[in-house]
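Please read the following account with the sequence and the three-dimensional model side by side.

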Number of protein chains: 2
Amino acid sequence: MSIVYDRVALIGLGLIASSIFWASKRGNLAGEVVGYARSADTRDTAREIGLCDTVYDDIRDAVRDADLVVLCVPVGVMGDVVAQIADVLKPGATLTDVGSVKRDVITSVTPHLPQGVHFVPAHPLAGTEHSGPRSGFAELFDNRWSLLVPVDGTAPAATAKLRRFWEGLGANVEEMDADHHDLVLAVTSHAPHLIAYTMVGVADDLRRVTDSEVVKYSAAGFRDFTRIAASDPTMWRDVFLTNKDATLEILGRFTEELFALQRAIRQGDGDHLFDYFTRTRAIRRGIIEAGQDTDAPNFGRTPGQKP
Amino acid sequence: MSIVYDRVALIGLGLIASSIFWASKRGNLAGEVVGYARSADTRDTAREIGLCDTVYDDIRDAVRDADLVVLCVPVGVMGDVVAQIADVLKPGATLTDVGSVKRDVITSVTPHLPQGVHFVPAHPLAGTEHSGPRSGFAELFDNRWSLLVPVDGTAPAATAKLRRFWEGLGANVEEMDADHHDLVLAVTSHAPHLIAYTMVGVADDLRRVTDSEVVKYSAAGFRDFTRIAASDPTMWRDVFLTNKDATLEILGRFTEELFALQRAIRQGDGDHLFDYFTRTRAIRRGIIEAGQDTDAPNFGRTPGQKP
């Protein structure tokens, strides 16, 4: 692979930004990759572990000469961040983001966008339950999807170049309309996350089943929910607040369906349950065949780790 | 380790029974381990892969001289199976099961129980999303919990011996009252499974988001739900029908909590969401510290498996 951008600036140095850094070094995709984080602690950690060629204390210095600026901050502050840097963005530069919601980011960023800067919203569908500057790794995006959501008037050449960058990071790239993106993600990510958070919260609340029993016996299924419910709270708060309509729509569907299954349980309708559970099994097979998960039992977790 | 029972009979040859077989051979826990399955296909497969020292075509022949009979059939048929074998069970033998629900199994098995046979209900909290005679492996129970639920009048010596057997299979053993077991499992397993089945069913139903998109972009969170929702449909139908009250109670709590979070989203109450999501993160840490899951990102799944 070869250099796609001379200078890349990463704004916000968490899981995604740090993975972009390590993957772009692995692929030699940028002449230099600089960074900025609002928290001095995060900047110190980044310097300590060699995350970014230069870490700046001032966001404006970080973006000043960048050919690509990647916003890796929570969705709720994207607009404010662009307002801070708009007048120092280099003419001809590309501005992109990695937010999990696209319509809201487009709405909040567009008003601040200077003439001559290409805005190409993006969303890599990759992550882990860990967060912060130490959590990134070069392989995070390998064989995952990164969705580009170009806005009206984006130069096709800018989109094509960002596509090359994401492919160099290891991802498969597809383009998608913002509203469709937000609905697809409500189904595949946002609703499942809220449901996992809810179930883990319920378990935590129950007084008759003590915390330690819930934890001790978690291997019966619950522990998979806790992984999802361990994701970054700030990021997820913003996701739900900014993809409100699609998330609430899917949660409404979910509640309807859950009530139907609860009724089947109450009425002893075993056929309804059996048919439903048989249908859902097929989707798992599709995911394995698409290479998006492992077929190893229990995700291939090693058994028998003694405390 | 040394032999705990001279002759063990496994009734039903799926994931749990086949794992008991391989783990008991690994630990040399039984003189011989025989088996029976209702399906001729399953019996053929078992003979082909060397699962069981002898596979019988008649369930009564399988249990006739057994010192330990392990019922590894769906919870809904436990009573019928015991009715078929009750008069050929050896005096002094121990009868146990591996069902995910305990009160209902006790209620349906007890009336058929002959004098002189010790009934010690049990439940290993271990499993995978795979099922059938080929899915077992010797390590399944390592460092997992197996719960013993002795009934009134069970001889303590019979319980102690079954405990040694489960410890030999790799499990940690604890004793518990049937009703408490059913409530703990409703929280840690039954409710999470129903919720996962529901979410996967909703995704399958949505017409605007095609199947292929849901599958393709599943790495954003959804794929973890599909693992749980790929579990054996017959087993899970019976679990919900027989642990009806506790499951419906927990689902009621879940729905209440979900509605509260939906209201917070609708009203834009970010603090409520942030506090909730912060609290759930701590539970994950407890599970890691208890040795019940891996701290590796994404369960340590290897990235980048190309289709």
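The buried residues of helix 10 of chain A are covered by elements that include helix 5 (103-109), helix 7 and helix 11 of chain A, together with helix 11 (244-267) and helix 12 (270-289) of chain B. Nine of the ten residues of helix 10 of chain A are buried, and the helix is thus mostly covered. Among them are Trp236(A), Arg237(A), Asp238(A) and Phe240(A). A residue is called buried if 20 or more other C-beta atoms lie within 10 Å of its own, exposed if 12 or fewer do, and partly exposed in between, with the C-beta atoms placed from the backbone. Helices (H or I, at least four residues) and strands (E, at least two) are DSSP runs, numbered from the N terminus.

This is a predicted model, in which local features need pLDDT of at least 70 and side-chain atom pairs count only at pLDDT 80 or more, while totals for chains, interfaces and linings use all residues. Residues are numbered from 1 along each chain as its sequence is written, and chains are lettered from A and ligands numbered from 1 in the order in which they are written. The pLDDT is the predictor's confidence in each residue, from 0 to 100. Its mean for chain A is 94, and 96% of the residues of chain A reach 70 or more. Where pLDDT is low, the predicted coordinates should not be read in detail. For the complex, the predictor gives an ipTM of 0.91 and a pTM of 0.92.

How many helices and strands does chain A have? Chain A has twelve helices and nine strands. The radius of gyration of chain A, taken over C-alpha atoms, is 21 Å, close to the 19 Å of the globule rule for 307 residues, so chain A is as compact as a globular protein of that length. The globule rule is 2.2 Å times the number of residues to the power 0.38. Along its principal axes, the C-alpha trace of chain A spans about 65 × 45 × 35 Å. Of the 307 residues in chain A, 57% are buried. Two residues are in contact if their C-beta atoms, placed from the backbone, lie within 7 Å. Among the contacts in chain A with a separation of 6 or more, 77% are between residues 24 or more positions apart.

The domain assignment of chain A gives domain 1 (5-176) and domain 2 (180-300); such bounds come from an automatic or database domain assignment. The C-alpha centres of domain 1 of chain A and domain 2 of chain A lie 30 Å apart. Between them, 15 residues of domain 1 of chain A are in contact with 17 residues of domain 2 of chain A. The side of domain 1 of chain A that touches domain 2 of chain A has six nonpolar, five polar and four charged residues. Here Ala, Val, Leu, Ile, Met, Phe, Trp, Tyr, Cys and Pro count as nonpolar, Asp, Glu, Lys and Arg as charged, and the others, Gly among them, as polar.

The next topic is the pairing of the chains. In chain A, 103 residues are in contact with 103 residues of chain B. Elements that give two or more residues to this side of chain A include helix 7 (178-205), helix 10 (233-242) and helix 11 (244-267) of chain A. Helix 7 of chain A gives the most, with 19 residues. The side of chain A that touches chain B divides into 51 nonpolar, 28 polar and 24 charged residues.

Chain A can be laid on chain B with an RMSD of 0.0 Å by a turn of 180 degrees and a shift of 0.0 Å along the axis. That is the relation of a two-fold axis. The same surface serves both copies, as 100% of the contact residues of chain A recur in chain B. The copies are superposed by least squares on the C-alpha atoms of residues with pLDDT of at least 70 in both.

Finally, some single residues deserve attention. Most residues other than glycine have a negative phi. Asn298(A), however, has a positive phi near 55 degrees. Asn298(A) is located in the segment after helix 12 of chain A and is buried, with 21 other C-beta atoms within 10 Å. Thr159(A) belongs to helix 6 (residues 156-168) of chain A. Thr159(A) counts as buried, with 20 C-beta neighbours inside 10 Å.
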